[in-house]
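I kept each term together with its cut-offs.

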Amino acid sequence: MARILTGIQSTGIPHLGNILGAIKPAIDMSNDSKNDSFLFIADMHSLTAIKDAGVLRENTYTVAAAWLAFGLDVNKTVFYRQSDVPEVTELTWYLSCFTPYPMLANAVSFKDKLDRLSEVNAGVFLYPVLMAADIILYDANYVPVGKDQLQHLEITRDITSAFNNHYGETFVMPEPKISEQVMIIPGIDGQKMSKSYNNIINIFLPENDLRKNVMKIVTDAKTVEEPKNPDTCNVFKIYSLLADKDKIEEMRNNYLRGGMGYGQAKETLFVTIMEKYNKERALYNHYMSNIDELDKQLKIGADKARIVASATLKRVRKAIGYS
Ligand code: TRP
């Protein structure tokens with residue numbers, strides 16, 4: 001059985017792009033009984049950027065609530081909060097002593113942050129080593145990540161072989177698993193949906209706010225009567241990702257025929273979202289108003305994760321000469 005592990009950034013409530021592009025595929029994969037899957041919320045990585053305790057805590061909960069609402073089963077997936085397994089910081093130190101300084105200094109994501117951020121702390125610099133520890137600590141075979149994380153995986157593999165070459169086979173060599181069908185979900189302005197572009201659809205908003213969110217989707221200025229092009233319209237593109245086939249066809253015909261305004265198309269999209277995600281919205285709200293239940297679910301994962309983590313650390317300490 002292959003162990004598949006991945007970390008999720010906790011940067012706030014997951015949006016429709018995260019849900020369709022990451023959450024749904026990851027949950028499908030973890031429900032496949034051929035896989036032994038580990039999934040964690042990378043809240044220690046978040047500290048490189050987020051110093052507000054309330055925000056940090058809230059971000060972990062919104063992410064956890066969203067994943068659970070979409071059917072993540074904690075009995076099938078080891079689902080935990082990175083900071084609940086402090087063993088990872090100990091391993092980070094050991095690994096950092098096997099990480100060439102220039103490898104981190106030349107990492108693209110680090111150089112990019114050097115250019116962009118006003119304050120660059122050492123955590124930003126060590127980010128890839130903490131990530132390597134996340135992976136190595138759990139003997140992961142495969143690590144599903146986006147293309148932007150590929151270099152971090154290469155660093156992880158380099159550190160793994162440096163350690164193994166020196167002390168003998170101590171760690172499992174992980175392999176990246178890049179998802180090929182990178183689904184690009186358009187945001188309300190037509191660019192890729194992303195928090196940093198301020199163009200997200202947040203399906204977990206209260207009904208009226210969600211309607212307003214959908215009504216903000218950018219369209220051209222065609223009148224109700226005019227025929228419209230569905231293939232260049234953001235409303236139609238998003239609708240096509242959510243509705244059933246025959247409904248999509250019906251909508252396409254309404255565009256081509258004319259007589260349907262964008263307001264009406266948006267209202268149909270809004271109703272579709274409300275219906276499609278009715279159960280998930282309710283579950284999300286349930287978890288967000290019962291934080292102790294969320295904590296309980298995360299603890300199930302943390303307990304399982306710590307068992308694997310302490311076994312790995314035992315091996316490492318012995319190899320290094322501490323026991
Ligand atoms: N850095 C990853 C990201 O930005 C998140 C992450 C942290 C991760 N630790 C990991 C991903 C370990 C895979 C494995 O998306």
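**Entry 1, salt bridges.** I searched the whole structure and found 13 salt bridges, taking as one any side-chain nitrogen of Lys or Arg within 4 Å of a carboxyl oxygen of Asp or Glu. I note that this is a predicted model, in which local features need pLDDT of at least 70 and side-chain atom pairs count only at pLDDT 80 or more, while totals for chains, interfaces and linings use all residues. Residues are numbered from 1 along each chain as its sequence is written, and side-chain values use heavy atoms, with hydrogens and water left out.

I looked up the pair Arg 3 and Asp 36, whose side chains form a salt bridge at 2.9 Å, N to O. Arg 3 belongs to strand 1 (residues 2–8) and Asp 36 to strand 2 (residues 35–41), so this pair ties together parts that are 33 residues apart in sequence. Helices (H or I, at least four residues) and strands (E, at least two) are DSSP runs, numbered from the N terminus. Arg 3 is buried at 17% relative accessible area, whereas Asp 36 is partly exposed at 22%; buried means under 20%, exposed over 50% and partly exposed in between, with a 1.4 Å probe and protein chains only.

Which residue forms a salt bridge with Asp 112? I found Arg 116, with the closest N and O atoms 3.2 Å apart, and both residues lie in helix 6, four residues apart, about one turn of the helix. Asp 112 is partly exposed, with a relative accessible area of 36%, and Arg 116 is exposed, with 55%.

Helix 6 (residues 108–116) also holds Leu 114, which is partly exposed at 43% relative accessible area. I recorded Leu 114, Leu 117 and Val 120 as a nonpolar patch on the surface, with about 210 Å² of accessible area together. Patches are made of residues with over 30% relative accessible area and no salt bridge, where like charges are joined within 9 Å and nonpolar side chains (Val, Leu, Ile, Met, Phe, Trp, Tyr) within 5 Å; accessible areas come from the Shrake-Rupley method with a 1.4 Å probe, and for residues only the protein chains shown count as cover.

I then checked the salt bridge between Arg 315 and Asp 139, where the closest N and O atoms are 3.0 Å apart. Arg 315 lies in helix 14 (residues 291–320) and Asp 139 in the loop between helix 7 (122–136) and strand 4 (142–145), so the pair ties together parts that are 176 residues apart in sequence. Arg 315 counts as partly exposed at 33% relative accessibility, and Asp 139 as buried at 19%. I also noted a network of salt bridges that links Arg 81, Asp 84 and Asp 295.

I listed 14 residues around the ligand, the closest being Gly 7, Gln 9, Tyr 127, Asp 134 and Gln 149; a residue counts as near if one of its heavy atoms lies within 4 Å. A polar side-chain atom of Gln 9 is 2.6 Å from an oxygen atom of the ligand. A polar side-chain atom of Asp 134 is 2.8 Å from a nitrogen atom of the ligand. The protein covers 93% of the 370 Å² of accessible area that the ligand has on its own. Helix 7 gives the most to the shell, with four residues.

Note on methods:
Polar contact = N/O pair within 3.5 Å; in protein donor to acceptor, adjacent residues only side chain to side chain.
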